[in-house]
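Hello,

Here is the structure I promised to pass on to you. Have a look at it first, and then read my notes below.

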Amino acid sequence: MKIEKDTVPTVQLRIADDQGRLIQDGRAPMVYLHGGYDNTLPKIEEALEGREPGYQTVLALQPADAFGERDESLTRTIPRSEFPPGVKVGGQLDGYTDDGHPHTYFVSKIKGDKVLLDGNHPLAGQALRFHLKVVSVRPATAEEIEHRHVHGEHGHHH
């Protein structure tokens, strides 16, 4: 079966920076609903369109085509006293952008009585190499198409 709109590819995905340092090892496969549902990067969908199991490729993507450029307006410094006990680097918090839109922030650093938050994707601003191998392809279920994402193993659970 070929990858086309409303199919569910299972893809081994390794990510490295532009120096070849491994960022994601690819042990857990990426399973997504193909066809413009914003379940993966557009350049990945474009590279896999029409492909079959066994296909392999390496995509070298600049930040604009990967996780975007860094936006320093999405960084915040908050007093540690405003956080519950146990706040840790790598944790996530829901907050708002300067213009009032909901946004998820990552705890990037804890320095004394201050907590530094970053609303950028952790890989924003980086040129990346995506090593892709198509493992399998199946038709999406009607429910997956209606919900716009994959259900079950490696997908979304309701």
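Let me start with a sheet: four strands form an open one in the order β5-β8-β7-β6, with antiparallel pairing. Its edge strands are β5 and β6 (92-96), each of which pairs on one side only. On average, neighbouring strands here are turned by 40 degrees against each other, direction ignored; the axes behind such angles are lines fitted to C-alpha atoms, for helices over the stretch in contact, and angles run from 0 to 180 degrees between N-to-C directions.

Before going on, please note that this is a predicted model, in which local features need pLDDT of at least 70 and side-chain atom pairs count only at pLDDT 80 or more, while totals for chains, interfaces and linings use all residues. Residues are numbered from 1 along each chain as its sequence is written, and side-chain values use heavy atoms, leaving out hydrogens and water.

Some terms: helices (H or I, at least four residues) and strands (E, at least two) are DSSP runs, numbered from the N terminus. Two strands pair if DSSP finds at least two bridges between them.

β6 is joined to strand β7 (residues 102-111) by 5 bridges, and the two run antiparallel. Gln92 stands opposite Phe106 in β7.

Elsewhere, 6 bridges join β4 to β9, again antiparallel, and Leu59 faces Phe130 in β9 as its opposite residue. Buried means under 20% relative accessible area, exposed over 50%, and partly exposed in between (1.4 Å probe, protein chains only).

Which residues have the most contacts inside the largest nonpolar core? They are Ile44, Leu48, Leu59, Phe130 and Leu132, in a core of 19 residues. (A nonpolar core is a set of buried Ala, Val, Leu, Ile, Met, Phe, Trp, Tyr and Cys residues joined through side-chain atoms within 4.5 Å.) The largest share, 5 residues, comes from β9.

Finally, there is 1 aromatic pair. Phe67 and Phe130 form this pair, which is tilted, at 6.4 Å centre to centre and 40 degrees between the planes. (Rings of Phe, Tyr and Trp, its six-membered ring, pair if their centres lie within 6.5 Å; planes under 30 degrees apart count as stacked, over 60 as edge-to-face and the rest as tilted.) Phe67 is partly exposed, at 27% relative accessibility, whereas Phe130 is buried, at 1%.

Best wishes
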